[in-house]
Amino acid sequence: MTAKVLPLRPGTPFDHFHYIVYCPETREAAAIDPFDDAAIRAAAAAHRLDLKMVVNTHEHWDHAGRNAAMKASDNVQILAPHAAAGTLQDIDRTLKDGDVIRIGNAAELKVIATPGHTMASICLAGSEGGTPFLISGDTLFAGGAGNCGYGGHAPSLYATLVAKIAPLADETILYPGHDYLARNLRFADHVDPGNEDVRAVADDLARLPADRLHFTTLAEERRINPFLRCGSSGLRRTLPSLAPGLDPAAEESEMFVTLRAYRDHWADTIAA
Ligand SMILES: [Zn+2]
């Protein structure tokens, strides 16, 4: 069983990544969070793929807002998190933790419930050629983590990262819902300034041709992503100086919630 993943960066104003996951035998395909449905359609045609379904990682309009349009013009089934069923219309199948989505003969995605960015959020785990991957929606980004200000809850996101993401293998390729790595690395350097790995990844990224897509592994994320490093000495040294009142010996969950709140403010004040 192996899935194939076709990542796309359609150039939306929100720096989306889109993914088509397909069966290499039957060419049947699933579009994940297709905000730019025209780009999905064009990519499916170019790769001779037969779109069978749309899978939403969560209910936000920039992930699920094109469900009705795709259902009308592409005759796809809509699969969405069980907990989003009250918010979204047009759902054909709801998804719960542990469910498996089969695509054609050879591709499958496992549903992991990951509340935090929104309480309905899920991630989708699969394997391509023996290498695991995680389609993470807005739960985990390269170098960052989801904003919890639009229907989410930061302590829940922390619990999700510990319980659901931490056990995943180092070699897992992270496929997030948006391309925020460059900005997230600037934030990581700000809150974890001695972290050489952050500088190294930023240097590599700066050398990449602009049209090349770049994805990290969870091993890299564990070295660079401040939201996965809240117990590190670097974060404990720096964050209390940026967020007065935070005890350097605070529980890791409190460090995380403080970091998330600080990031919300920082994102509003630094041009990116
Ligand atoms: Zn979202």
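Which residue stands opposite Met-53 in β5? Gln-77 does. This is a predicted model, where local features need pLDDT of at least 70, side-chain atom pairs count only at pLDDT 80 or more, and totals for chains, interfaces and linings use all residues. Residues are numbered from 1 along each chain as its sequence is written, and side-chain values use heavy atoms, with hydrogens and water left out.

**View A. Strand β4 pairs with β3 and β5.** Strands β3 (residues 28-32) and β4 (residues 50-55) run parallel and are joined by 5 bridges. Another 3 bridges join β4 to the parallel strand β5 (residues 77-81). Ala-30 has Met-53 as its bridge partner in β4. From β3 the chain crosses through helix α1 (residues 37-46) to β4, a right-handed β-α-β crossover. (Strands pair if DSSP finds at least two bridges between them; helices, H or I of at least four residues, and strands, E of at least two, are DSSP runs numbered from the N terminus; right-handed means that, with the strands pointing away from the viewer, the path from the first strand over the helix to the second runs clockwise.)

**View B. Four side chains hold the zinc ion.** His-58 (NE2), His-60 (ND1), His-117 (NE2) and Asp-138 (OD) coordinate the zinc ion at 2.1 to 2.2 Å. (Donors are N, O and S atoms within 2.8 Å of the metal, or 3.2 Å for Na, K and Ca; water is not among the atoms, so sites may look incomplete.) Along the chain the donor spacing is H-x1-H-x56-H-x20-D. His-117 lies in the loop between β8 (107-113) and β9 (122-128), and Asp-138 in the loop between β10 (131-137) and β11 (140-141). His-117 is buried at 5% relative accessibility, and Asp-138 is buried at 6%. (Buried means under 20% relative accessible area, exposed over 50%, partly exposed in between, with a 1.4 Å probe and protein chains only.)

View C. Asp-37 is buried at 8%, whereas Arg-41 is partly exposed at 29%. (A salt bridge is a side-chain nitrogen of Lys or Arg within 4 Å of a carboxyl oxygen of Asp or Glu.)

**View D. Arg-222 and Asp-170 meet in a salt bridge**. Their closest N and O atoms are 2.7 Å apart. Arg-222 sits in helix α7 (residues 218-224), Asp-170 in the loop between α4 and β13 (173-176), 52 residues apart. Arg-222 is partly exposed at 25%, and Asp-170 is partly exposed at 40%.
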